[in-house]
Amino acid sequence: MLGAGSDLTEVLRHLEITESTPHRWRRAYAAMSASDARRLKELQAENARLKKLLGEAELDKAMTRGAGRGKMVTPDRRRVAVERLQVRFRGL
């Protein structure tokens, strides 16, 4: 839009961005090259994936902690533990 001759304020209004946003972006990312920005975006995506994996692992640990008392050696004990987990964590 800027290349077509539109004013910066018109472009910002069209994109529904406040006028201070480009100034903040320039201050934060002006020294960053395109490859640095790409790498930052990749790292943010990787960080989000790792947070999700960690959350799922913590949930799994919490679920198995409350599964039952004692060793689950016999099929009957395992079955009871699974039933408890299904009741306790239904809908998650």
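Author: Helices here are DSSP runs of H or I, at least four residues long, and strands are E runs of at least two, numbered from the N terminus. This is a predicted model, where local features need pLDDT of at least 70 and side-chain atom pairs count only at pLDDT 80 or more, while totals for chains, interfaces and linings use all residues. Residues are numbered from 1 along each chain as its sequence is written, and side-chain values use heavy atoms, leaving out hydrogens and water.

Reader: What makes E42 and R39 a salt bridge?

Author: The term asks for a side-chain nitrogen of Lys or Arg within 4 Å of a carboxyl oxygen of Asp or Glu. The closest N and O atoms of E42 and R39 are 3.6 Å apart, so the pair qualifies. Both sit in helix α3 (residues 34-65), 3 residues apart, about one turn of the helix.

Reader: Why is E42 called partly exposed?

Author: Buried means under 20% relative accessible area, exposed over 50%, and partly exposed in between (1.4 Å probe, protein chains only). E42 has 43%, so it falls in between.

Reader: And how do you know which label D76 gets, exposed or buried?

Author: D76 is at 52%, so it counts as exposed. Its salt-bridge partner R79, with closest N and O atoms 2.8 Å apart, is at 46% and therefore partly exposed. D76 and R79 both lie in helix α4 (residues 75-88).

Reader: What makes phi of E16 worth a look?

Author: Phi of E16 is near 60 degrees, a positive value in a residue other than glycine. E16 lies in the loop between α1 (8-15) and α2 (21-29), and its relative accessible area is 75%, so it is exposed.
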